[in-house]
Amino acid sequence: MMEGPIEGHAFLPWHRVFLSLFEEALRQKDPSVSLPYWDSTLDDNMAAGPGFSIMWDNAHLGPGVGNVNAGPFANWTTAEGPLQRNVARGNGNLVRQTRINTLLNLCLLDEFTDPWESTHDSVHVWVGGTMERSFAAADPVFYMHHAFVDYVWERFRQRQRAACGVDPAADYPPDDADAPEHSAVSPMVAMDFLRNRDGIADYWINNWFNYTDSPTCANNCGNSPDLYCDSAINRCVSNSRFDFGNPVSTTPIPLTTATTTTVTTTTATTTTETTTTTRPTPIPITSTSESPRNTPTPPRNITTTRPPTPSPTPIPSATPSPITTTSTGPLTTTPIASCTDGGSYCRKVNEGQKPYEGKCSKDPYDGSCARRPRPATADAVVNAICRNELPRSPSLQAVFDAISSELKRAQRFPPESEQTWFRMKPDEEKDCRCLDSLIRDPLVAYLKEGRQLNQYGPKL
Ligand SMILES: [Cu+2]
């Protein structure tokens with residue numbers, strides 16, 4: 001298993017040939033196989049952050065953290081040990097739409113290839129684990145990622161021809177004396193029956209494969225059950241693998257600190273749900289001998305049975321909160337009420353001269369006494385939830401628990417096996433400051449940006 005030539009002009013052409021031959025090899029086992037591409041901008045667009053993507057549930061690619069011990073690739077091993085991932089916890093990024101837009105304005109492969117390769121590198125790091133090490137190609141997501149890298153290159157090639165007057169099949173970058181293995185006429189690494197420049201020929205896209213365009217809101221995101229159109233940005237985004245709540249409700253999020261966590265929910269009547277998952281973005285590959293070009297291969301269908309979503313019991317609403325927020329509305333605030341007993345203690349509390357105690361200690365936001373101001377902005381609400389000063393709704397708690405359990409899985413690995421692994425101390429497990437990018441992002445997206453967190457809309 002190898003990653004192939006990197007850091008040079010042969011990167012794109014070599015991987016194009018490699019993917020073509022890899023897919024052909026798969027088809028010798030199963031002629032119906034098509035390599036899907038992973039448009040990671042669909043995950044990058046997720047309001048809650050791409051770490052929540054449905055990509056990493058057991059019906060898709062399996063766990064995104066730790067040893068891949070569930071899903072279709074459960075317990076796979078590589079030449080260096082178990083298949084491992086560490087999504088969303090390193091320094092990498094998924095592909096940004098803005099990045100693609102910028103690069104597609106270029107006209108020459110010589111300008112395009114290096115920045116596109118480094119963008120691709122960052123996705124390896126974002127997935128982490130096996131994908132950021134030398135046996136990256138042992139993770140099946142490698143092929144999906146590289147197919148997307150190739151798809152974007154193909155869009156670049158088409159624009160070269162249409163908008164730049166450049167023939168992409170004759171656009172191999174000038175040789176670099178410092179990197180002879182990347183030169184146009186050098187043999188392809190491990191495929192030395194071809195030269196590097198053979199990879200930019202039109203032959204591959206004309207005869208071996210083509211691409212279905214990435215889904216858009218205009219085509220209802222390809223009717224994929226794994227995607228939805230986020231109207232706030234008019235872009236398709238990946239569903240979350242976490243249940244962020246029930247279908248859209250206008251019920252305000254209670255921000256009072258009631259003694260029990262109370263939230264009014266609509267009653268869900270969800271029962272066991274059978275979902276046919278269609279890969280949103282298959283690479284339809286046509287056989288040159290048997291079928292007309294451009295006939296898409298039917299996407300692979302995966303039928304999964306999901307456990308029933310728990311039906312939340314409607315709970316009477318808490319005492320109306322002076323601070324309410326809706327999914328899109330601004331926060332409204334009520335100034336801190338003065339202590340009403342007239343005593344000096346309350347005055348001092350209100351002046352912030354002493355730590356509060358007595359009845360005020362039961363509830364810092366109860367309106368009669370306060371140690372600190374009520375959260376008056378969405379940022380402050382987010383911070384207060386993260387500091388456990390405001391109750392979490394059951395939906396948010398469920399998300400939090402799910403993330404915590406994933407991180408615990410990561411914790412079981414010895415640190416030397418993955419130096420970038422995020423490792424919590426036991427006493428930090430319930431403190432979402434430790435889960436900054438994973439808990440904070442959905443709160444910010446929901447409270448500040450009015451974004452949907454999944455196809456139902458959020459209800460944190
Ligand atoms: Cu790569």
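Reader: How far apart are the end C-alpha atoms of helix 1, and what span should its 19 residues have?

Author: Helices here are DSSP runs of H or I with at least four residues, strands are runs of E with at least two, and both are numbered from the N terminus. The expected span of a helix is 1.5 Å times one less than its number of residues. For the 19 residues of helix 1 (residues 11-29) that gives 27 Å, and this agrees with the distance between the end C-alpha atoms, which is 27 Å.

Reader: Before we go on, what kind of model is this?

Author: It's a predicted model, where local features need pLDDT of at least 70, side-chain atom pairs count only at pLDDT 80 or more, and totals for chains, interfaces and linings use all residues. Residues are numbered from 1 along each chain as its sequence is written, and side-chain values use heavy atoms, with hydrogens and water left out.

Reader: What covers the buried residues of helix 1?

Author: Buried means under 20% relative accessible area, exposed means over 50%, and partly exposed is in between (1.4 Å probe, protein chains only). In helix 1 the buried residues include Phe11, Trp14, Phe18, Glu23 and Arg27. Counting contact as heavy atoms within 4.5 Å, the cover includes helix 4, helix 5, strand 5 (187-188), strand 6 (191-195) and helix 6.

Reader: How many disulfides does the structure hold?

Author: A disulfide is a pair of cysteine sulfur atoms within 2.5 Å. Cys107 and Cys164 make one, with their sulfur atoms 1.9 Å apart. Cys217 and Cys229 make another at 2.1 Å, and Cys221 pairs with Cys236, also at 2.1 Å. The structure's total is three.

Reader: Is the disulfide of Cys107 and Cys164 left-handed or right-handed?

Author: This pair links distant parts of the chain, 57 residues apart: Cys107 is in the loop between helix 3 (97-103) and helix 4 (109-127), and Cys164 is in helix 5 (residues 141-164). The torsion about the S-S bond is about -75°, so the disulfide of Cys107 and Cys164 is left-handed.

Reader: And is the disulfide of Cys217 and Cys229 left-handed or right-handed?

Author: Cys217 counts as buried at 17% relative accessibility, while Cys229 is partly exposed at 29%. The torsion about their S-S bond is about 100°, so the disulfide of Cys217 and Cys229 is right-handed.

Reader: Are Cys221 and Cys236 buried or exposed?

Author: Their S-S torsion is about -100°, so this disulfide is left-handed. Cys221 lies in the loop between helix 6 and strand 7 and Cys236 in strand 8, so the pair ties together parts that are 15 residues apart in sequence. Both Cys221 and Cys236 are buried.

Reader: Why does the ring pair of Trp38 and Trp126 count as tilted?

Author: Rings of Phe, Tyr and Trp (its six-membered ring) pair if their centres lie within 6.5 Å; planes under 30 degrees apart count as stacked, over 60 as edge-to-face and the rest as tilted. The whole structure has 21 aromatic pairs. In this one the centres are 6.4 Å apart, and it counts as tilted because the planes are at 55°.

Reader: Which backbone oxygen does the side chain of Arg241 reach?

Author: Arg241 is found in the loop between strand 8 (235-238) and strand 9 (273-278), and it counts as buried because its relative accessibility is 18%. At 2.5 Å from its side chain is the backbone oxygen of Gly51.

Note on methods:
Polar contact = N/O pair within 3.5 Å; in protein donor to acceptor, adjacent residues only side chain to side chain.
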